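Thanks for coming. I have one structure today, and I will go through it region by region.

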Amino acid sequence: MTHPLALGQLPHTPLLAGVHEPADLRRLTSEELTVLAAEIRSYLVTTVARTGGHLGPNLGVVELTIALHRTFSSPQDTIIFDTGHQAYVHKLLTGRQDFSHLRERGGLSGYPCRAESVHDVVENSHASTSLAWADGIARANRLQGHEDRHVVAVIGDGAMTGGMAWEALDNIADSDDKHLVIVVNDNGRSYAPTIGGLAHHLDALRTNPGYERMLSTIKRGLLSQGAPGRAAFDALHGLKRGLKDVLVPSAFFEDLGIKYTGPVDGHDAIAVEFALTRARAYAEPVIVHVITQKGRGYTPAEEDVADRFHAVGRIHPETGLPVVPSRFGWTAVFAEEVVEMARADQRVVGVTAAMQAPVGLQPLADAMPERVIDVGIAEQHALAMSAGLAFAGMHPVVALYATFLNRAFDQVLMDVALHRAGVTVVLDRAGITGTDGASHNGVWDMAVLGHVPGLRLAAPRDEESLRSALRLAVSTQDGPTVVRYPKGSLPAPLPALRTLPGAGDDLFGVVDVLSEGSLEEDATVLVVAVGPMATACVQAARRLRAQGTRVRVLAPRWVIPVPRALVAAALAAPAVLVVEDGLADGGVGSQLRDAVDQEARARQAHRVPLVTRVGVPRQFVHTATREQVLADCGMDVAGILASARDLARRVADGSPDLKPALGLSS
C-alpha cells in the first residue's frame with residue numbers, strides 16, 4: 001500500500017477528525033472504534049515518518065488509550081503515562097491533531113506537556129515515576145474529599161524493572177481507600193526486549209494466561225519487605241520445582257494488598273474497557289494487566305526485532321527506511337572501542353540500564369554476551385553493582401544517557417568514589433540533545449560531578465580524542481572515570497597544534513592548543529573549548545584573528561579536575577572565555593574560575609583575568625533543535641564571537657576586573 005506521505009498528503013481520518021475531546025469517544029460503536037484505531041495508526045505512521053519520534057510505543061497503545069478515555073473522565077480523573085513517550089494517541093484524543101511540527105519548536109512536544117493541555121500532568125520522561133505520582137495524587141484527592149476522582153497510572157513492563165516503581169507499589173499497597181488504577185502495559189519491551197525476573201514472569205503470563213503469574217522481579221527487591229516479599233520468593237522456588245499452580249494471582253495480590261485483573265488483550269478496545277470499568281468500581285488500588293504489541297499494525301515496525309521502531313528519525317513510510325542514512329557517530333566509536341578493549345582486557349565488562357543497543361553495547365553483547373550486564377531501568381543498581389564488580393577485580397564500563405546518570409548520583413558519590421572504585425561511566429547524549437525536550441538534555445553532569453572527590457571526567461572533541469579518553473579511562477583503577485560525548489555524528493578531526501607544557505607525566509592534565517597566532521604573541525582572549533564545542537571555538541577564533549584580536553584556543557582533554565596547565569595558562573591571560581555544552585553555573589568554567597582565583601591568591605598575583613562562562617543557563621531547556629538551543633545560549637559561532645569581542649573590549653578599556661579581587665567576573 002502506498003502511504004499518503006509519499007503523495008504529500010495526510011490520510012483520510014473522518015472519525016479521528018470528529019474527536020475533539022475524550023467525551024466524543026463515548027458516542028462511537030464498537031465497529032467505529034475499530035475503524036478509529038486504524039485511522040490513528042495510519043495518521044501516526046504518516047506524520048511521525050515526516051518528523052521522527054516514538055512510533056513503535058504509540059502504535060502499541062492505540063486501543064488501550066481509547067479505552068482509557070472512554071472509561072475515565074479526564075481531566076477530572078488524572079491519567080499519568082510513565083515515561084510519556086507513548087502519549088501521542090492521548091494527544092490525538094484530547095484535541096491535538098496537528099503533528100506537522102511534532103518535537104519541533106512551536107509544535108507539539110514528544111511527551112506530555114502541561115502548556116499544551118489540561119489533560120497532561122507529568123512531563124518528566126524518566127521512567128518508573130508514574131506510580132509515585134499516582135500515589136501522591138490519590139492521597140491528595142482523599143485528603144481533600146474528592147471521592148469522585150480517579151487516578152490512572154499507565155506503566156510499561158520495562159518501567160516496572162525500576163526500583164522506584166516497587167517503592168511506590170509497596171506504599172500504594174499500604175492504603176486501601178484510594179481510587180487508583182495501575183495499568184501494566186505489557187509488551188515485553190522497554191527500548192528493546194525487557195530483561196530481568198519480571199520480564200520472564202510476564203512472558204509466562206502471555207503463554208499461559210490461566211495462571212496469571214506476575215511480578216517475580218521482587219525475588220530480590222522485596223525480600224526485605226515482610227510477608228508479601230517472602231511469599232513471592234517462596235512461590236518462585238515452587239515454580240522452579242515444577243509446581244506451576246503454586247502462585248495464584250488473587251492470593252499473591254491479596255497478600256500485597258492490591259487487586260489484580262487480567263491479562264487482557266490490549267488490542268481489543270471493548271475488552272480493555274470492560275476490565276477498566278470493573279477496576280474503576282473498586283474503592284481501592286487495582287492492577288489491570290494488558291498485553292500489547294509494540295509497533296502494532298505497521299509491518300516494518302513489527303519486523304524490527306531490535307526495538308520495534310521505538311524511536312525513529314525521518315523515514316520512508318512505505319519501507320520504514322531512513323530518509324537520510326545516519327552518519328558514523330560518537331556512539332559507534334564507543335561501540336567499536338569497547339569491543340577492542342574487552343578483547344584486550346578480560347576485566348572489562350559492559351553495564352547498561354535497559355538501553356543496550358542505544359548506548360552502543362550491542363556489538364559487545366553479540367561478541368561476548370557474558371561480558372554485558374543489562375540491569376533494566378535501574379541506574380542506581382547499575383552503579384552500586386559496578387562498585388562491587390570493581391572490588392572483585394573487574395573493570396565495569398557503565399554506558400548511560402547523560403540525563404539518566406542524575407538518578408544514580410548517590411551511588412557515584414558513596415559507592416564508587418568513596419571506595420575509589422575503578423569504574424568507567426560513559427555518558428552518551430551529553431549536553432544539548434534538543435528535540436526530546438527538557439528532561440532528556442544531558443546538561444547537568446559536569447556541574448554535578450565536579451563535586452565528587454577523586455572523579456576524573458573527559459570531554460573529547462573528536463574521534464581520536466574519544467578513543468584516547470576511553471582507553472585511559474579503562475586503564476584507571478584508583479577511582480571513577482567519566483567520558484561524555486554528544487548525540488549525533490562526529491565532527492571533522494581537530495588535531496592539536498601542540499600541547500601545553502606543565503602536565504608532566506599526568507595524562508589527565510594534557511591540554512591541547514588548537515588555534516593560536518605566533519608563539520611570541522600573547523593572546524588577549526584565551527578561549528577554553530570544552531569537548532564538542534571545540535569546532536565552533538576554532539571557527540570563531542579564525543574570524544577574531546582576521547579582525548585583529550589576538551586569540552588562542554585551548555582544549556583540555558580531561559576537564560575534571562581542572563588541569564594545572566590550564567590554570568597557569570588562564571592566569572597568564574588578560575581574559576578567559578570558557579565554552580561548554582553543559583550548565584554554565586557550576587560547570588567547567590566555574591571550576592576553572594575558582595581554581596584560577598585560588599592560584600592567584602597563593603601566588604599573591606597582582607591581577608586576575610576576566611572570566612566569562614558560555615554555556616546553558618540554570619533553567620530547563622525545552623523542545624528545539626540543538627542548533628536553535630546553541631544559538632539561544634550564545635554557544636554557536638556568532639555567540640562565541642560576541643562574547644570574545646566583549647572580553648577584548650573590556651581588556652582594551654582597562655576593566656577594573658583586571659585588578660586583584662576576591663571574586664571573578666561572570
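Predicted model: local features only at pLDDT ≥ 70, side-chain atom pairs only at ≥ 80, totals over all residues.

Residues are numbered from 1 along each chain as its sequence is written, and side-chain values use heavy atoms, with hydrogens and water left out.

First, the sheet. Helices (H or I, at least four residues) and strands (E, at least two) are DSSP runs, numbered from the N terminus. Six strands form an open sheet with mixed pairing, in the order β12-β13-β15-β14-β17-β18. Pairing here requires that DSSP finds at least two bridges between two strands. β12 and β18 (610–616) are the edge strands, each pairing on one side only. Inside the sheet, β14 and β15 run parallel and are joined by 4 bridges. V527 stands opposite V553 in β15.

Which strands does α22 touch? It packs on the sheet through β14, β17 and β18, and its direction makes about 145° with that of β17. Contact, throughout this talk, means heavy atoms within 4.5 Å. Axes are lines fitted to C-alpha atoms, for helices over the stretch in contact, and angles run from 0 to 180 degrees between N-to-C directions.

Helix α21 (residues 564–572) has A565, L566, V567, A569, A570 and L571 buried. By buried I mean under 20% relative accessible area; exposed is over 50%, and partly exposed is in between (1.4 Å probe, protein chains only). Those buried residues of α21 pack against β13, β14, β15, β17 (575–583) and α22 (588–603).

Now the charged pairs. Side chains of opposite charge can pair when their charged atoms come close. I count a salt bridge when a side-chain nitrogen of Lys or Arg is within 4 Å of a carboxyl oxygen of Asp or Glu. The structure holds 32 of these salt bridges.

What are the partners of R557? One is E464, with a salt bridge at 3.0 Å, N to O. E464 sits in helix α19 (residues 463–474) and R557 in the loop between β15 (551–556) and β16 (558–560), so this pair ties together parts 93 residues apart in sequence. E464 is partly exposed, at 41% relative accessible area, whereas R557 is buried, at 19%.

D512 also meets R557 in a salt bridge, at 2.7 Å, N to O. D512 belongs to strand β13, so this pair ties the loop of R557 to a part 45 residues apart in sequence. D512 is buried, with 2% relative accessibility.

Another pair is R498 and E516, whose side chains form a salt bridge at 2.8 Å, N to O. R498 is in strand β12 (residues 498–499) and E516 in the loop between β13 (511–515) and β14 (525–529), 18 residues apart. R498 is partly exposed at 27%, and E516 is buried at 15%.

Next, a helix pair. Helix α4 (residues 62–71) and helix α12 (residues 269–280) pack at an angle of about 40°, with axes 9 Å apart. They are therefore oblique to each other; under 35 degrees would count as roughly parallel, over 145 as roughly antiparallel, and 65 to 115 as roughly perpendicular, with the rest oblique. On the α4 side the contact includes L64, A67 and L68, and on the α12 side it includes V272, L276 and T277.

H85 is in the loop between β1 (78–81) and α5 (88–93). H85 is buried at 15% relative accessibility. Not counting residues up to four places away in sequence, H85 touches H54, P57, N58, G110, Y111 and H310.

Last, the backbone. Most residues other than glycine have a negative phi, and most peptide bonds are trans. The bond from S74 to P75 is cis, with omega near 10°, and P75 lies in the loop between α4 and β1. The bond from G262 to P263 is also cis, with omega near 0°; P263 lies in strand β4 (residues 259–265).

R103, not a glycine, has a positive phi of about 65°. R103 lies in the loop between α5 and α6 (130–143) and is buried, at 11% relative accessible area.
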